[in-house]
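Thank you all for coming. I would like to walk you through one model this morning, beginning with a sheet, then turning to a helix, and ending with the relation between the chains.

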Number of protein chains: 2
Amino acid sequence: MNYHFSNLMSRQSDSVEKLLKNTNDPAMIPFSGGNPAPEAFPVAELSALCGRIFAEQPVAALQYNYSSGYPALRDTVKRWVRERYGVGGGEDEVLITTGSQQGMLLTARALCDPGDVVLCEEFSFLGALNSFRSCGADTVGVAMEPDGMSIGDLERKLKAHPNARFLYTIPNFQNPTGVTLSAEKRREVYRLACRYGIVVLEDDPYGELRFQGEDLPPIKTLDEEGRVIYCGSFSKVVAPGLRVAYAVANRELVTRMSRDKAGDDVHTSALPQILCQRFLEETDFAAHLTSLKQVYRRKARLMMECLDREAVPSGISYLPIDGGMFLWCTLPEGADMLDYCDRLAAEAHVAVVPGSAFAADEGAPCRSFRVNFSTPADEDIVRGCEQLGAFTRTYLGR
Amino acid sequence: MNYHFSNLMSRQSDSVEKLLKNTNDPAMIPFSGGNPAPEAFPVAELSALCGRIFAEQPVAALQYNYSSGYPALRDTVKRWVRERYGVGGGEDEVLITTGSQQGMLLTARALCDPGDVVLCEEFSFLGALNSFRSCGADTVGVAMEPDGMSIGDLERKLKAHPNARFLYTIPNFQNPTGVTLSAEKRREVYRLACRYGIVVLEDDPYGELRFQGEDLPPIKTLDEEGRVIYCGSFSKVVAPGLRVAYAVANRELVTRMSRDKAGDDVHTSALPQILCQRFLEETDFAAHLTSLKQVYRRKARLMMECLDREAVPSGISYLPIDGGMFLWCTLPEGADMLDYCDRLAAEAHVAVVPGSAFAADEGAPCRSFRVNFSTPADEDIVRGCEQLGAFTRTYLGR
């Protein structure tokens, strides 16, 4: 039969599937992924905890639970974000979400009617952009600089779009650019959000993946009036397959979003929630994070060394990073980035993600592409960069 | 700050929270619940499988997975629904969802624009109604009869609402009425859906909880053109806390819904998916279902016996059932059902759900309430019915 699809459904593109179509080819070196490093998964600890959960609290793991989250996990997260980041006091509550992705959707559903605007970094996490668009919102980009979004451009966009409902930002090791929003700019972002009356959705999946430099306080630490929704996740610090994340926000927002979540998936799967709760409470989480950072430091430095040797001399530049999972590479002026990425995959068997996929303003010009170093094995990083370098020398004729 | 909530969010009611507010009182006998019987959870099998999963396939359980579902589970479900129900051939595909609740939301998002209509049984699953309404759809009820929805009324509603996008039905042991749609009416429902060009969303969480009588073929078995979305769930046959369910539908619908799901929670938690897959493949699922039916048969018969003895003589009637988890009780003409339910909780410490909570047409008159027998322990069924009976005798003055 011919289906009558909703207007929202008709807006959804198949760009993600197209992007990922190469990832099943075993000959392809996957610089296009966004998976955490599997060698950093705490398998033994999670396995032991699972056994204890089934022995000690099987009904909690298997019965229906609360839409706002497993109460002990909400408490643990509340304590953790307070001690670690200094957020979540006063009128704030914790909502457990099925991955941060669900936090994005619930925020957009709560705040946006079709035609409303969500301001985003000009290149941003594709899953979030898709989620906002699936609620009928238009995404508008704010220019990026090496220390995070341009404050001047943010104010221009706020003036130009009085129907902007919230600003979406990934302050640490942004996806896809790797850029970190400076402390000064965090204060400016908050000040402008107050002045123009919008909410800030602060998405911080990578904050614990800093391998050099000093942590910066979340924008949420400046929040005195429930303006900032802070999203954290267990995906990068424990395991993404569990799909456990959280939002810290004013209790009015949490109540609304929790009610909406009940109509989405009732609650986040209980066993993974208990696994995360007991992992934080019963293992040495600090030691786990330390070993995680070592893995990411090694892989990031290896990737940067290889790019410096193989690709930079051919004319590719990239933004240096202090953490996260991604590097943002840029081709010289005049280069056709989409053609480069297509042929890089077809001829050199290296998959990267064309930067245009991350454009908040669809169709914006872009000469950049994203590479990931957490998914490929170390030897694939080396080999992939060699193949990328050789291809680039020929492609750019240098 | 004062939040600017979306129009959809402003429509959401807090009726569910209000309904459940009594459930934390330990003195309250919980006939209001909808939880599967915890004594039927296969704890030992799931615990053993968890150990094997962490030993044999930890990365599959912990890494990102596919939005459409863990491939082996999709295959297992495809085989299961084919062999068990005779559905899912030809152009159909399987989508794994985070509980059937997500199947409801994805269907409504795919097919409904704000102001469109979803036809429902006149009293229906509150979570589904909320989910449809949260997409801006209006729910319109079709009159219920002891053998399922009235076909005459269905046709009247189809004529009256040309913007009806789909019919939502729970054909087996319907929530809240316990009614099963007869085989003849299933054929009529499908015929009318074809004639009026709408999709059928067939939600079958309780089909395996039949404790007497013969199984009836799903409406989906009649489907020759991808008109029926069949939703099944592991919530009642394995455990609801896992949040693993599935939709069987035409591949075009599955592709669209899977893309939309990627923007919701990326994918359903992987470990619970693998648990369900291996539970079906590696344990004696038929034997598990047999023991499950024994538990539900015992509890249902106990509840009906107690109601016959304690409540029916006072003027309460109920529809007999062949399976499921609920009984639909009706007060005599003239009784004020909401007042009865409030005072039953306050004075007799028995929580039931007022039937009006399930009304597809909000504000429709209702003298019925729902009682559940799967959540309370056997002794609470006996004691709760005694308390309900004593209260009713006084309340109705019989």
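Helices (H or I, at least four residues) and strands (E, at least two) are taken here as DSSP runs, numbered from the N terminus, and two strands pair if DSSP finds at least two bridges between them. This is a predicted model, in which local features need pLDDT of at least 70 and side-chain atom pairs count only at pLDDT 80 or more, while totals for chains, interfaces and linings use all residues. Residues are numbered from 1 along each chain as its sequence is written, chains are lettered from A and ligands numbered from 1 in the order in which they are written, and side-chain values use heavy atoms, with hydrogens and water left out.

In chain A, seven strands form an open sheet of mixed pairing, in the order β2-β10-β9-β8-β7-β3-β4. Its edge strands, each pairing on one side only, are β2 (92–97) and β4 (138–142) of chain A. Within the sheet, β8 (residues 199–203) and β9 (residues 228–233) of chain A run parallel to each other, joined over four bridges, and A:Leu201 stands opposite A:Ile229 in β9(A).

Turning to helix α6 of chain A, residues 100–111, we find that its 12 residues reach 17 Å from first C-alpha to last, close to the 16 Å expected at 1.5 Å a residue, where the expected span is 1.5 Å times one less than the number of residues. How many residues of α6(A) are buried? The count is 12 of the 12, so the helix is largely enclosed by the rest of the structure, with buried meaning under 20% relative accessible area, exposed over 50%, and partly exposed in between (1.4 Å probe, protein chains only).
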